[in-house]
Amino acid sequence: AVVSTQSTGEEDLPKPDYKPPPKIPREENGTGCNKKTYFVCNEPGTEWIKLPPVDPAEIVCARQIKKFFTGNLNAPVISYPPFPGLEMNYLRAQIARISAATHISPIDYFKFEEDDDDDSDGEGRDSYTINVEFEPLPVYELVDPALNNWVHHMQHILPQGRCQWVNPTMKTENEEFDEEEEEEENEDPDEPQQEEGPPLLTMINQDSDVDGLPAWSAARSSDLITAYAVAVLRSNTWPGACTFGFDKKFENVYIGFGHKYSSENYSPPPPPPVLEEYLTDLEVTEVPDPTVADEQALLAMQQEQLEREAEEAEMEDDEEDDD
């Protein structure tokens with residue numbers, strides 16, 4: 001196909017108006033998903049290696065892929081969508097996801113600061129303290145199927161990949177100065193809707209069900225000697241995540257592959273749709289390819305024109321000689 005244009009220079013070429021989505025900033029160390037620092041090793045007794053902080057883009061991508069760990073922190077994560085990092089980053093993202101969903105504690109073990117001005121339901125809060133007046137619950141209440149005696153003490157991770165939502169359209173002073181002219185030509189983008197999640201110390205019975213089952217299964221460690229049994233809770237959302245509690249002691253443990261439960265086989269997300277063809281107008285039109293007869297006719301016409309110009313040139317030379 002041949003495309004004819006009336007372009008007079010590069011300034012007339014079409015310019016793409018696509019702009020990549022703004023990068024979501026990482027949460028500072030000691031806050032949100034980076035509240036804690038993690039060290040890992042492959043075998044007991046070997047050197048501990050510090051994992052880097054997690055970025056929102058890594059968490060967002062980790063939710064869309066499923067990869068087994070190789071044990072090599074510097075191994076590439078080959079996936080679709082492409083993961084923006086190495087295996088150490090993927091491991092850190094999965095730790096953040098598992099911790100936010102499975103770190104639970106008995107109700108009233110933690111409490112909010114009394115001088116906190118936030119809402120009483122915990123919305124907007126990101127810290128708490130140990131309740132020194134906590135009265136431990138008996139084991140039979142901790143394993144109650146109603147699951148109303150356990151709460152989450154880790155912040156929920158929003159779809160944005162952060163615990164605290166940030167407006168991606170907010171720009172710094174330098175960005176506003178650089179894009180001042182572009183904003184005059186283009187319309188302002190739609191304001192994104194703020195994402196919200198469950199507040200801190202939310203009961204685990206409000207977690208989403210897993211294929212018709214509750215998110216947690218509670219049982220005693222032994223039904224034979226109940227006097228020495230401890231309460232054990234298993235996560236049905238993240239197989240391998242367990243919590244045990246007795247008296248004023250509790251602990252969260254995870255031993256698994258780092259995969260969230262799914263009743264269906266994993267299937268990578270499909271690639272994005274194919275882009276549409278460039279819109280044609282009066283300046284850009286597509287014409288059919290010339291045939292052999294058309295090319296021969298054009299060559300004959302050009303040959304006749306050359307012969308005519310040569311004859312005219314000879315006539316002008318003869319006239320000048322006569323003069």
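Two strands pair if DSSP finds at least two bridges between them. Strands here are DSSP runs of E with at least two residues, and helices are runs of H or I with at least four, numbered from the N terminus. The model is predicted, so local features need pLDDT of at least 70 and side-chain atom pairs count only at pLDDT 80 or more, while totals for chains, interfaces and linings use all residues. Residues are numbered from 1 along each chain as its sequence is written, and side-chain values use heavy atoms, with hydrogens and water left out.

**Strands β8, β9 and β10**

- Strand β9 (residues 231-235) runs antiparallel to strand β10 (residues 241-246), joined to it by four bridges; arginine 234 has cysteine 242 in β10 as its bridge partner.
- Strand β8 (residues 216-220) is also antiparallel to β9, with five bridges between them, and alanine 219 is partnered with valine 232 in β9.
- Because four of its five residues are buried, β9 is largely enclosed by the rest of the structure; buried means under 20% relative accessible area, exposed over 50%, and partly exposed in between (1.4 Å probe, protein chains only).
- Five residues lie between the strands in the hairpin of β9 and β10, where glycine 240 takes a positive phi near 110 degrees.

**Salt bridge**

- The count comes to one salt bridge, defined as a side-chain nitrogen of Lys or Arg within 4 Å of a carboxyl oxygen of Asp or Glu.
- Arginine 220 and aspartate 223 form a salt bridge, their closest N and O atoms being 3.4 Å apart.
- Arginine 220 is partly exposed at 33% relative accessibility, whereas aspartate 223 is exposed at 58%.

**Aspartate 317**

- Aspartate 317 lies in helix α6 (residues 292-322).
- With a relative accessible area of 42%, aspartate 317 is partly exposed.
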